[in-house]
Amino acid sequence: MRTSSKLIAIAMAAALTAVTSGCLSQPGSSGGGGGDDDGTVEIMYGFTDSSSDQFKAEINKYAEANDITIKFSPTPDFNTLIATRVSGRNAPDIAIFPQPGIMAGFKDDLVPLTDVVETDALDAMVPGIVEAGKVGGEQYALPMSLNVKSIVFYPQAPFEAAGYTAPQTLDEMVEMTNTIAGTGTAPWCFGIESGAATGWPATDWIENLLLVQSGPEVYNQWVTHEIPFNSEPVAQAAATMDELLLAEGHTYGSRQAIASNNFATAANPMFEDPPGCFMYRQGNFVARDGGFPNAVLENIDDVVGVFPVPGETAEEKPVLGGGDLASMFTESSDATKIMNYMASSDFGQDWAQANGFISPRTDFDTANYPNETTTQMANIAYDSTTFVFDGSDQMPGEVGSGSFWRDMTAWISGQQDQQEALDQIEASWPASS
């Protein structure tokens, strides 16, 4: 999941309402733009930054070689527009969903992929992200790209000069946090400002710690509301987040600055001399244009170090992530070819070299990544013992991109205490979900 998918998620509730009231078609009969093998395949998606140009180039490389014309339909209002088009029986042939929760709402209009995408291709992917494309055990989407969120960045030379080493367990990370704080330097940089999506970086921290401390089964039960949002495992994760980040002196600029500190540039003090902080947990997408300073990106392998958020034991390697999920509304041979290309290890090679893409396939040639840092970030996912998809992206819109963002911001800003925030989010969960 790119960060843009968090902004796209704001429209989720409206989108799913439109789908429920308007989708009366049968799977594969939603009036896609390029059905019946007319040589044109329409692909609709929500990322409109430089990734769109890289995606187009990657798809056209294959399409032109196979006499397929692609109609690209990028839109920043993906969630609302896809609902409108499906309800109007004018769905695209292929849609790239930023969140499993959005995709699942269109299940009755999508083509099941069991007989469409080669099984070997899905088997080669990080297992947890493949599961995100399933609804009721049926595969309706394939992972097109991968984001890795359980990454801790650090300023390599100062970190090592101070004698710090990557922690192997969560307890060791807590201990190192306290050690750094004792020197008078903030252990962490942290920011949750993201315009209309302010708060989402805090949700990732809760999700990551819940996964580490309670395991994937409890994590998934929480995501689907089989256990309450304000249950004990979630309270434990929030308490650990408080201990790591919100204690006095633990975050650069103090707790009061977190809500106004933009997530994309929050790590910049880490690269000052001396460092303003020593660690920043965030997704791989901050390590490219628009995130870290250009001077850092130009020499990233020598400046930036990374380690995964550790498990409770050194053997456990749980990873939180996300990605984009490709689904078919129209069953045609051309659309099928494009879907299988996106599932292949060939897809994304040029895009990866442009530093905009991590493949969900564990057999992807990592020589395609532009630097060793990106390879290390990809390997965090590939070597994971458990990989789960971003929880807020799977929750109902009222929660995942509503109360969860909002009440995390209120808690961090001191407007609510921890229990009040969790209780408010629990109370917001829609009765029908």
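Which residues are in contact with Thr-409 once its neighbours within four places in sequence are left aside? The structure examined here is a predicted model, in which local features need pLDDT of at least 70 and side-chain atom pairs count only at pLDDT 80 or more, while totals for chains, interfaces and linings use all residues. Residues are numbered from 1 along each chain as its sequence is written, and side-chain values use heavy atoms, with hydrogens and water left out.

Thr-409 belongs to helix α17, residues 397-412; helices (H or I, at least four residues) and strands (E, at least two) are DSSP runs numbered from the N terminus. With contact taken as heavy atoms within 4.5 Å, the partners of Thr-409 beyond four places in sequence are Ile-192, Thr-198, Gly-199 and Ala-259. The relative accessible area of Thr-409 is 16%, and the residue is therefore buried; buried denotes under 20% relative accessible area, exposed over 50%, and partly exposed the range in between (1.4 Å probe, protein chains only). A polar atom of the Thr-409 side chain lies 2.9 Å from the backbone oxygen of Trp-405. In general, an α-helix has 3.6 residues a turn, so residues three or four places apart point the same way.

An open sheet of five strands shows mixed pairing and the order β2-β1-β3-β13-β6, two strands being paired if DSSP finds at least two bridges between them. Strands β2 (69-74) and β6 (142-143) form the edges, and because each has a single partner strand, one side of each is left without a neighbour in the sheet. Within this sheet, β1 and β3 are parallel and pair over two bridges, with Met-44 bridged to Ala-95 in β3. Strand β3 (residues 94-97) is also joined to β13 (residues 325-328) in the antiparallel sense, by four bridges, and here Ala-95 has Ser-327 as its bridge partner.

Helix α3 (residues 50-65) lies across β1 (40-45), β2 and β3 and runs at about 165° to β2; axes are lines fitted to C-alpha atoms, for helices over the stretch in contact, and angles run from 0 to 180 degrees between N-to-C directions. Helix α4 (residues 78-87) packs on the sheet as well, where it touches β1, β2 and β3 and makes about 135° with the direction of β1.

A further open sheet, of four strands, has the order β9-β10-β8-β11, again with mixed pairing. Its edges are β9 (186-188) and β11 (304-308), each with a single partner strand, so one side of each is left without a neighbour in the sheet. From one strand to the next, the twist averages 25°. Three bridges join the antiparallel strands β8 (residues 151-155) and β10, and Val-152 stands opposite Arg-281 in β10. Helix α10 packs on this sheet through β9 and β10, at about 85° to the direction of β10. Helix α16 (residues 372-382) lies across β8 and β11, running at about 5° to β11.

Of the 24 residues of α10, 18 are buried, so the helix is largely enclosed by the rest of the structure. Just after α10, His-225 adopts a positive phi of about 65°.

Two further residues were examined individually. Pro-274 is situated in the loop between α11 (232-246) and β10 (277-282) and counts as exposed, at 61% relative accessibility. Pro-274 and Pro-158 are 116 residues apart in sequence, with a C-alpha to C-alpha distance of 7.9 Å. Asn-340, in helix α14 (residues 333-342), is buried, with a relative accessible area of 18%. Not counting residues up to four places away in sequence, Asn-340 touches Val-116, Val-117 and Glu-118. The C-alpha atoms of Asn-340 and Val-309 are 33 Å apart in space, the two residues being 31 apart in sequence.

Definitions and conventions
Polar contact = N/O pair within 3.5 Å; in protein donor to acceptor, adjacent residues only side chain to side chain.
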